[in-house]
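Here are my notes on the model you sent over, in the order I went through it.

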Amino acid sequence: MSAARSFVSAFALTLAFSAPSFAQQAQQTAPPPGSPAATITIPGNQLPPPPEKFGGKIERDARDSKPYWPARVVPPKGAPNVLLIITDDAGYGVPSTFGGVIPTPALDRIAQNGLRYTNFHSTALCSPTRAALITGRNHHSVGYGVIAEQATGYPGYDSIITKDKATIGRILTDNGYHTAWFGKNHNTPEYQASQAGPFDQWPTGMGFEYFYGFMGGDTNQWEPGNLVRNTTPIHPYVGKPGWNLMTAMADEAIDYVNRMNALSPDTPFFVKFAPGATHAPHHPTPEWVKKISDMHLFDQGWNKLRDTIFENQKRLGVIPQSAKMTPWPKDLIKEWDQLSDDEKKLFIRQADVFAAYVAYADSEIGRVIQSIDDLGKLDNTLVIYIEGDNGTSAEGQPTGTPNEVAMFNQVTPSVEDQLKYFYDVWGTDKTYNHMSIGWAWAFDTPFSWTKQIVSHFGGTRQGMAMSWPAVIKDKGGIRAQFHHVIDIVPTILEAAQIKQPDIVDGIKQSPIEGVSMMYTFDAKNANAATTHTTQYFEMFADRAIYNDGWIASTKVLRPPWVTVAKLPNPGDYPWELYDLRNDWTQAEDVAAKNPDKLKELQALFWKEAEKYQVLPLDSTVASRMITPRPSLSAGRTNFAWTRPMTGTPNGDAPSLLNASYNFKVDVDIPDGGAEGMLVTQGGRFGGYGFYVLKNKPVFTWNLVDLKRVRWEGPDLTPGKHLIEFDFKYDGLGAATMMFGDYTGIGQGGTGALKVDGKAVATEKMEQTLPFILQWDEAFDIGSDTGTPVDDNDYQTPFAFTGKINKLTLDIERPKLSPDDVKRLQQAARAAGDGPSADTGKTGSAEPQVGTVGLSLVDKIQLRIDKREACRKQAEAKDLGMVERVKFVQQCVQQ
């Protein structure tokens with residue numbers, strides 16, 4: 001008998017004698033300590049837990065020793081799966097679940113199978129809400145006083161979640177959960193989003209085992225240039241017409257849940273599902289656009305829509321019967337009956353596409369929920385479905401926009417141009433679209449204001465539903481207790497019977513600042529007093545303080561659609577007071593009747609502000625987008641690359657805005673010619689590209705898809721060439737903004753395309769982009785990811801077919817002369833309330849929106865009137881679209 005056969009026989013004999021003990025072991029409810037299947041539930045006060053002590057025996061000979069396996073960490077018995085859903089830019093009146101006209105059957109399902117929360121609040125902006133959501137702390141406490149792209153160098157605003165504030169992903173992972181995050185990640189510092197890392201502020205670095213989603217505030221749902229899997233950029237849409245991220249991420253989440261169930265069915269999962277819907281761009285599929293358009297939900301306009309939603313809300317019981325409708329802002333937004341037929345046609349189209357995006361997203365969310373039900377796991381799954389991370393967005397401007405990138409660069413095409421050039425493609429891959437502010441206000445019914453505004457509930461009140469069939473028995477119940485997004489983490493932890501850790505990676509943890517909402521699960525507590533009694537709010541110096549049924553709010557001095565405005569010092573903002581016990585919607589300001597209560601709450605605000613890193617207050621918006629921040633390119637003016645490289649995000653890429661610059665590319669052109677991308681940043685909706693097209697060098701500036709300035713040279717001969725683009729900027733640069741003066745940015749300049757030192761094309765650019773390029777695209781060398789800067793020239797990836805030996809970029813930023821500084825200082829003093837006015841000068845209590853000494857209403861109306869007059873002048877001149885846009889921009893500035 002061979003040695004192998006002897007071993008097999010001996011093994012079979014051993015197995016036969018030991019079979020009863022194996023059978024006996026299999027019947028045990030818990031594997032014994034040290035066995036390969038052993039599990040342990042940890043105390044959770046220290047993460048990761050200390051190594052388990054070896055419980056076996058070690059002798060010199062293995063035959064005399066006893067093995068002992070470390071136990072696998074598992075959550076406490078009965079810990080639920082958790083599906084945490086948060087959509088984007090959707091106010092209280094959007095979903096059918098809370099009185100809206102847009103069908104949201106998935107959210108309806110969760111509400112009917114659980115509880116509907118009617119007094120739940122966000123922070124009024126994307127990144128801040130999401131940071132609070134995953135940490136259980138206030139947004140300033142975790143560095144997100146504003147979005148990551150506007151971070152400044154203060155602890156409450158630097159976009160860094162410090163190590164003493166572990167996320168729910170990290171806590172659950174170390175306690176034995178499977179954890180994953182799908183969709184939007186707006187909680188990585190903009191300057192750490194490249195492949196150079198560091199990755200500790202990415203989802204996988206913050207404790208989530210798996211991530212599939214996009215980096216940043218929003219993305220093109222048809223061609224997302226900022227999509228990653230874990231930390232690797234991916235482009236699954238290439239060559240797949242009709243591919244849409246909303247469906248793709250639902251597919252990914254369903255696959256993940258099924259994979260985890262197949263591999264480890266007894267281990268609970270935590271899934272954060274965060275679609276880009278309904279942040280701009282609104283990109284539903286054509287099928288959903290037709291389905292919603294055929295319903296004619298918006299034909300009667302936004303004023304009638306508000307009335308309908310308000311009636312629905314009272315019928316559903318999601319607002320009190322005594323609630324008052326807040327007034328329509330007639331001084332800021334036209335009533336529907338005042339609109340022209342063209343305006344109505346365009347705005348209905350915008351609302352149809354937005355609503356289609358809402359319904360499409362809810363349908364895909366419904367597929368994820370159903371997949372859990374199909375596995376038989378929905379009964380023990382805590383589903384938390386938050387409709388919106390803030391109120392509906394009014395960043396689309398009064399007339400909406402086919403390109404959100406244009407809006408952030410202070411450019412808005414007219415209604416006529418939108419109808420002519422974009423109406424038929426609204427919501428497709430040819431637009432980066434957003435809707436008119438009138439719809440945003442209506443979708444926040446019954447409250448006033450919108451996204452960005454924290455002082456009024458239109459910006460912060462979110463419809464939210466939770467279900468957990470095994471625990472919540474009051475199905476279809478309504479809960480009206482005041483709660484905030486920071487309360488979600490403690491709710492999940494209590495449901496999972498997991499404590500907040502004291503120590504994570506050796507770092508003492510700061511206390512979670514939210515409170516659990518689990519007390520509301522019991523029907524006996526349906527009308528119990530809230531356990532969240534005090535909450536501050538702050539965003540762009542707009543602020544409020546809630547306490548025991550009262551809220552003190554500053555007056556809104558900057559409408560969200562005005563991104564450049566001179567405002568009084570934050571300490572001089574006027575305040576309002578609302579008694580929420582008798583006024584659910586903030587309809588009646590009672591400050592004059594209760595001056596002592598107002599003073600009490602104002603003092604409380606400053607106390608909370610100091611406690612949670614809210615200071616210093618900063619009212620600026622647009623200028624913060626180009627505030628210098630740490631990045632791979634910070635402080636550098638000279639760059640060099642020697643090989644193709646794609647995927648560097650805007651936050652780490654060198655910026656050419658408001659500066660002179662020079663590109664030099666040393667290339668080899670093969671016999672027969674070459675073509676392809678040399679270097680590009682941005683794409684179809686704003687950016688530049690330096691490329692070879694049919695063997696000719698080309699430099700193209702895409703000015704937010706409304707105009708393209710192009711330089712083209714002659715055919716290149718085979719061999720080595722130095723292709724150069726040199727641009728001389730005419731303006732004073734971004735430094736003028738320190739004095740409240742924006743004339744230094746967005747100015748023109750002259751570009752020269754050169755081949756081997758000889759100019760082959762020279763052209764003047766009348767204007768440049770002042771603030772931002774298309775943010776979901778990257779800085780690419782050697783090929784183009786995302787979308788082209790000119791679809792007529794090429795399609796991505798457009799890899800260069802020659803060889804790039806070296807690419808250099810030199811940037812020269814303007815510097816203010818002493819005379820420039822003196823002049824700007826004098827202008828700021830003359831304005832009286834600009835950010836660089838004399839120290840100690842408080843300014844007026846009304847904002848300066850392009851004028852001095854007028855009320856907010858007058859200033860907004862003056863701007864609207866002037867733009868309308870300029871638009872009519874442009875029409876009279878019979879100019880083309882691009883020329884009309886340029887004329888109106890220059891006219892308004894005069």
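**Cavities, pocket and backbone notes**

1. The largest cavity comes to about 360 Å³ in volume. Keep in mind that this is a predicted model. The structure has 5 cavities of 30 Å³ or more.

2. Who lines that largest cavity? There are 27 lining residues, and Ala193, Met215, Asn226, Pro649 and Trp775 sit nearest its centre. Strands β8 (227–229) and β22 (645–649) each put at least two residues into the lining. Sorted by class, the lining of the largest cavity holds 13 polar, 10 nonpolar and 4 charged residues.

3. Next, the second largest cavity, with a volume of about 270 Å³. Its lining has 19 residues, and those nearest the centre are Ile147, Glu149, His186, His279 and Phe408. By class, the lining of the second largest cavity splits into 9 nonpolar, 5 polar and 5 charged residues.

4. For the second largest pocket the class counts are 10 nonpolar, 7 polar and 4 charged.

5. Some whole-chain numbers for context. The chain has 894 residues, and 60% of them count as buried. Its secondary structure amounts to 17 helices and 32 strands. Taking contacts in the chain with a separation of 6 or more, 74% are between residues 24 or more positions apart. The accessible surface is about 34400 Å², with 53% of that belonging to carbon and sulfur atoms.

6. Is Glu724 buried or exposed? Its relative accessible area is 8%, under the 20% cut-off, so Glu724 counts as buried. Glu724 belongs to strand β28 (residues 719–729). Setting aside neighbours within four places in sequence, its contacts are Asn662, Phe663, Lys664, Phe690, Ala752, Leu753 and Lys754. Lys758 is 34 residues away from Glu724 along the chain, and the two C-alpha atoms are 9.1 Å apart.

7. Two cis peptide bonds are worth a look. One runs from Ala277 to Thr278, with omega near 5°. Thr278 is in the loop between β10 (269–274) and α6 (286–293). Another joins Thr445 and Pro446, where omega is about 10°. Pro446 is also in a loop, the one between α11 (437–442) and β12 (461–467).

8. Which loop holds Lys694? The one between β25 (686–693) and β26 (696–703). Lys694 is not a glycine, yet its phi is positive, at about 50°. With a relative accessibility of 68%, over the 50% cut-off, Lys694 counts as exposed.

9. Asp756 has a positive phi too, near 55°, and is likewise a residue other than glycine. Asp756 lies in the loop between β29 (749–755) and β30 (758–765). Its relative accessible area is 45%, which means that Asp756 is partly exposed, as the value falls between the 20% and 50% cut-offs.

Key. Residues numbered from 1 in each chain as written. Predicted model: local features only at pLDDT ≥ 70, side-chain atom pairs only at ≥ 80, totals over all residues. Heavy atoms only, no water. Nonpolar A, V, L, I, M, F, W, Y, C, P; charged D, E, K, R; others polar. Helix = DSSP H or I, 4+ residues; strand = E, 2+ residues; numbered from the N terminus. Buried < 20%, exposed > 50% of the residue type's maximum accessible area, 1.4 Å probe, protein only. Contact = heavy atoms within 4.5 Å. Areas by Shrake-Rupley, 256 points an atom, 1.4 Å probe, with all protein chains shown as cover. 1 Å grid on protein atoms, 1.4 Å probe; cavity = no way out; pocket = protein on both sides within 12 Å on 5 of 7 lines; lining within 4 Å. Points joined across faces, edges and corners; volume = space filled by probe spheres on them.
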